[in-house]
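Me: I am new to this structure. Can you walk me through it in short steps?

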Amino acid sequence: MKSYRKELWFDAPSRIAFINITHQVEACLRESGVREGLVLVNAMHITASVFINDDESGLHRDFETWLENLAPHEPISRYFHNRTGEDNGDAHLKRQVMGREVIVAITGGQLDFGPWEQIFYGEFDGCRKKRVLVKIIGE
């Protein structure tokens, strides 16, 4: 069995961003040489997410609006977490809703997606470097 590991780094210029990382994950898959197996794509920060959905700008705006309604950034005093000197209590909650990672089957050397599926990095406390782990196992 082959095993492959790579870190992808992101520095979103805004507090909230959705970045399509499908092509980077596909590049990792090509580098790995795995034809049959699984890929794990994991946000390695507790204020960021990895998820699968459609790459449609209206949907991404809907996500941002929905998440802001669920866990508004301001007033920052609403979150106990922010009493420690942080201002990102909302980002932790947004990550919890959007998820930590995805696992995708690899079939014939390709990501085995359903229609319209793409992998996204979701940033909820941006303007600093963060990483995503890509771990591939298989034959």
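Reply: Start with a pair of residues: in β8, Y4 has I136 as its bridge partner. This is a predicted model, where local features need pLDDT of at least 70, side-chain atom pairs count only at pLDDT 80 or more, and totals for chains, interfaces and linings use all residues. Residues are numbered from 1 along each chain as its sequence is written, and side-chain values use heavy atoms, leaving out hydrogens and water.

Me: How many bridges join β1 to β8?
Reply: Strands are DSSP runs of E with at least two residues, and helices are runs of H or I with at least four, numbered from the N terminus. Two strands pair if DSSP finds at least two bridges between them. β1 and β8 run antiparallel, and the bridges joining them number nine.

Me: Which strands stand at the edges of the sheet?
Reply: The open sheet has five strands, in the order β1-β8-β3-β5-β6, with antiparallel pairing. Each edge strand has a single partner, so one side of each is left without a neighbour in the sheet; these are β1 (2-10) and β6 (110-111).

Me: Is K129 buried or exposed, and what is its relative accessible area?
Reply: K129 lies in the loop between β7 (118-123) and β8 (130-138). Buried means under 20% relative accessible area, exposed over 50%, and partly exposed in between (1.4 Å probe, protein chains only). K129 is exposed, at 55%.

Me: What separation do the C-alpha atoms of K129 and W9 have?
Reply: The two residues are 120 residues apart along the chain. Their C-alpha atoms are separated by 6.7 Å.
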